[in-house]
Amino acid sequence: DLTGQAGRIVTARNAVGTDMPFEYEKMISAKNGNNLVLYMNEVIQHFLEKGLEEGIANHKVMNRAVAIMMDVNTGGILGMAVKGGYDLNKPFEIVDEQIRQQIESLPDEERSKARAEACEMQWRNKAVSDTYMPGSVWKMITTSMAFEENLIDENTNFNCSGSFVPFNGARPIRCHKHGGHGSQTFERAFCNSAFIQIGQLIGPERFYKYYSSFGFTEKTGIDLPGEANGIFFSKDGSMGPMDLAVASFGQNFSITPIQMITAAAAVVN
């Protein structure tokens, strides 16, 4: 498809080997191959990969790093990078030195299977195939729920004493600032205590309604192999009081990076 077809000239010769160009010669023109146009932006891709390499070095990332950039207007992927993986030019070379040594120490009958499994693991596209707990990035989704339902606005007040007890008998959930943030309007209140309170205003039914509406209950359908689906607290969307409390700031459920950035684009829109 990309190569196209070479041009050629078809001719005939008479019995004594002389060309007969005017009567039998036919020229078949060359045909260009198709072009392959990538949506991804090579400049963006370069900086994504460079930034991930720095992030791994500076923060001692253990399980590879991933970044995606999406056009919020179209959903087009402008850049997608996974670092801590493998050399694209040497896909069958096990990058992790420790794993490679473990494989080499295995008996011959086990070595081939272990190598294949190690290759498959390092080939996984973390952006679409692995799930994770989104953490505080999820707060934009909780905020969208509350704003859409007119439950809060920028001036709604929240009090943070350093921890919050979501219901009687529950263990306190601590804020990252142990002394607390005191009284703050929503515009400045981005701690976990404030978002637990916002989650309580939303309630479990509405929380799951928006969770589903943002697309977290299904795959995005991106044209890449091995896309995983998220994992919620229950199949029917039911949540206990503690589930709702921790889910409001993005804990104890799992989604894929491609699901998260797709929802983030929806928030932007």
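## Overall architecture

The chain contains ten helices and eight strands, where helices (H or I, at least four residues) and strands (E, at least two) are DSSP runs numbered from the N terminus. The model is predicted: local features need pLDDT of at least 70 and side-chain atom pairs count only at pLDDT 80 or more, whereas totals for chains, interfaces and linings use all residues. Residues are numbered from 1 along each chain as its sequence is written, and side-chain values use heavy atoms, without hydrogens and water.

## Dimensions and contacts

The radius of gyration of the chain is 28 Å, while a compact globule of 269 residues would have one near 18 Å. This radius is taken over C-alpha atoms, and the globule rule is 2.2 Å times the number of residues to the power 0.38. The C-alpha trace spans about 105 × 55 × 35 Å along its principal axes.

Of the contacts (heavy atoms within 4.5 Å) between residues at least 6 apart in sequence, 67% join residues at least 24 apart.

## Burial

Of the 269 residues, 35% are buried. Buried means under 20% relative accessible area, exposed over 50%, and partly exposed in between (1.4 Å probe, protein chains only).

## Two residues with positive phi

K60 is not a glycine, yet has a positive phi of about 55°. K60 is placed in the loop between helix 2 (42-59) and strand 3 (65-70), and counts as exposed at 65% relative accessibility.

N252, also not a glycine, has a positive phi of about 75°. N252 lies in the loop between helix 9 (241-247) and helix 10 (257-268); with a relative accessible area of 48%, N252 is partly exposed.
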